[in-house]
Amino acid sequence: MILFTKVHKKRVLFLLAVREKLLTIKGDLFGGIIATIIAFPQALAFGVASGMGASAGIWGAIILSLFAGVLGCNLPLISGPSGPTAIIIATIVGLSTGNITSVITILAMASIFQMIIAQTPIPRMIKYVPYPVISGFLTGIGLIIIILQLAPLLGSSAQSSTIKALLNYPAVFSNINIHALILGLGTLFILFFTPKVVSKIIPSQLLALVIMTGAAYYSGWDIDKISTLTFSLPHFQMPEFSFEAILRDTPVALTLAFIATSESLLTGIIMDSLTKVKHNSKRLVLAQGFGNLFCALSGSMMGSAATMRSVAAVKSGASTRLAAILSAMILVLVLFKLNGFIAQIPICVLAAILIKIGYDILDLKVIKVLKFAPKDDLYVLIAVLLLTVFYNLIFALGIGVILAALLYAKRIADDCNIKVTHYNHLDYTDYETKIEKDSHYKIRILHIDGQFFFGSITQIVSHFDELLGTEYIILNYSSNTELDMSAIFALEDIIVRLQAQKIKLFLVIPNDKVFEQIKSLEIISQLGEDAVLQDENKAIDTAMKNIQTIAE
């Protein structure tokens with residue numbers, strides 16, 4: 001009887017494990033399908049925008065997503081061409097004046113640099129880039145895409161740089177192709193105004209692509225379309241490395257490597273938040289480097305981990321790297337089965353899709369805190385934005401980080417007593433120690449001594465992962481320095497994290513000026529007005545009463 005029970009128990013456990021595995025595969029399959037639906041129009045659009053062609057964009061999405069799935073972290077990181085990489089590759093194609101061997105050589109160099117970066121501490125340092133730098137950079141990328149794609153939307157040819165595009169605007173507006181404009185505006189209308197109920201079933205980008213391509217086909221209008229694609233497997237193309245080429249092309253290759261790496265790592269951080277699984281940043285970058293190298297050697301477009309596609313995969317049930325592999329396989333099927341449809345896609349429709357992507361990249365949420373943000377943050381943001389749009393992306397990032405570091409040093413000099421103390425009884429008053437013990441550590445009191453700004457965010461946020469069993473956190477910020485943009489968004493992130501863990505946060509702000517700043521922000525609606533106080537004792541009393549009420 002005992003033997004029968006043990007055998008039965010093993011069988012049940014085995015069946016449960018099989019069921020869990022099947023559910024995981026099912027989630028990855030659905031996630032891969034949804035990611036493919038989003039990746040298809042984007043890969044086409046980015047391929048055309050880069051100057052390498054729609055075929056290079058599709059094959060880039062297939063190859064990179066496959067390598068990211070096989071070699072990368074066990075996360076559904078759907079990879080492929082992206083906005084920032086498309087902009088830089090378009091510059092490379094323009095500088096190479098149609099010499100595909102030169103383009104492939106630069107892409108291969110960028111991929112090798114990316115693999116070298118993976119072996120350095122750089123991948124772990126991305127989280128220390130301050131928010132104004134990231135905001136200015138992303139907004140700059142969005143503006144570049146919009147500026148460059150306005151001409152194709154109106155039926156003209158795209159330029160290789162923002163300055164050339166702006167100078168060419170008078171000629172563009174004097175020779176508008178009305179049919180291209182109608183199709184482009186129709187595409188934008190679908191992208192912006194498709195109800196969420198519909199877009200959850202069919203992504204608006206795919207919906208717009210199908211409807212407007214059909215409209216162009218049946219109308220017979222004279223507009224530029226994607227040329228006939230090559231649907232055979234990509235063939236190997238050897239780069240030509242020479243001392244002269246390496247010396248000449250290293251700066252632009254490094255730029256592409258750093259941009260692709262940064263975007264992949266930012267996507268990885270977002271995926272950590274969604275899946276609650278921490279990724280290995282070095283492995284992530286190394287897999288992207290290998291994938292991009294094979295993209296380059298096959299004449300395909302390199303890219304990065306794509307945030308929108310990866311998030312969509314997770315929201316659809318994906319949880320492992322299998323989703324990325326399946327997405328690549330599904331894209332291959334789409335490519336071979338829909339070749340006739342792809343050849344009929346109007347360039348103006350792809351331009352409209354890119355303009356919407358550019359709009360989505362713009363960091364518009366920063367507008368709500370502009371009037372509360374320190375002027376120093378605004379200077380950094382504007383400098384990075386202008387340098388990104390009108391000069392050089394990697395130079396913009398470098399200058400932004402340097403400016404932010406200098407301002408950090410200034411703040412350190414102005415307020416050198418910056419110290420964050422965790423719940424360490426040596427730093428507590430006897431009363432606070434007693435409160436924690438009496439509540440069985442359901443109440444925790446966290447002091448922030450000094451300025452709460454981008455330099456202290458990582459340290460502060462990391463403490464919340466250790467507060468197991470806590471029901472109430474009293475966060476006491478006693479500094480008289482107002483919160484900067486990074487701190488405001490970090491505080492929002494802290495609130496979301498604690499709410500997900502069902503932990504109530506009380507924010508104690510003794511300083512009147514900082515208290516008024518907090519009260520004027522939207523954070524107050526997330527916390528509730530009763531959760532922002534100036535007296536720590538009131539917060540403690542409220543928390544203790546709530547615990548006693550629940551106990552009764």
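Two residues are in contact when they have heavy atoms within 4.5 Å of each other. This briefing applies that term, and a few others, to a predicted model in which local features need pLDDT of at least 70, side-chain atom pairs count only at pLDDT 80 or more, and totals for chains, interfaces and linings use all residues. Residues are numbered from 1 along each chain as its sequence is written, and side-chain values use heavy atoms, with hydrogens and water left out.

**Overall make-up**

- The protein chain has 24 helices and 7 strands; helices (H or I, at least four residues) and strands (E, at least two) are DSSP runs, numbered from the N terminus.
- Of the 552 residues in the protein chain, 52% are buried, where buried means under 20% relative accessible area, exposed over 50%, and partly exposed in between (1.4 Å probe, protein chains only).
- Among contacts between residues at least 6 apart in sequence, 82% join residues at least 24 apart.

**Confidence**

- The mean pLDDT (the predictor's confidence in each residue, from 0 to 100) of the protein chain is 80, and 84% of its residues reach 70 or more.
- Confidence is highest in α8, at a mean of 93, and lowest in strand β3 (residues 419–421), at 40.
- Over residues 416–427 pLDDT stays under 50, and the model has 35 contacts beyond four places in sequence for this stretch.
- Where pLDDT is low, the predicted coordinates should not be read in detail.

**Two residues and their contacts**

- Ile 112 is in helix α4 (residues 100–118) and counts as partly exposed because its relative accessibility is 34%.
- Apart from neighbours within four places in sequence, Ile 112 is in contact with Phe 241 and Leu 293.
- The C-alpha atoms of Ile 112 and Phe 290 are separated by 8.0 Å, although the two residues are 178 residues apart along the chain.
- Asp 272 is in helix α11 (residues 243–275) and counts as buried because its relative accessibility is 17%.
- Apart from neighbours within four places in sequence, the contacts of Asp 272 are Leu 75, Val 277, Lys 278 and His 279.
- Asp 272 and Leu 75 are 197 residues apart along the chain, with 8.8 Å between their C-alpha atoms.

**Helix α8**

- Helix α8 (residues 178–193) has 16 residues and spans 22 Å from its first C-alpha to its last, close to the 22 Å expected; the expected span is 1.5 Å times one less than the number of residues.
- The buried residues of α8 include Ala 180, Leu 181, Gly 184 and Ile 190.
- These buried residues pack against α6 (131–153), α10 (204–219) and α16 (347–361).

**Aromatic rings**

- The model has 7 aromatic pairs; rings of Phe, Tyr and Trp (its six-membered ring) pair if their centres lie within 6.5 Å, with planes under 30 degrees apart counted as stacked, over 60 as edge-to-face and the rest as tilted.
- One of the pairs is Tyr 217 with Tyr 218, edge-to-face at 5.2 Å centre to centre and 85° between the planes.
- Tyr 217 is exposed because its relative accessibility is 51%, and Tyr 218 is exposed because its relative accessible area is 71%.
- Tyr 472 and Phe 506 form a stacked pair, 6.2 Å centre to centre with 20° between the planes.
- This pair links distant parts of the chain, 34 residues apart: Tyr 472 in strand β5 (residues 472–477) and Phe 506 in strand β6 (residues 504–508).
- Tyr 472 and Phe 506 are both buried.
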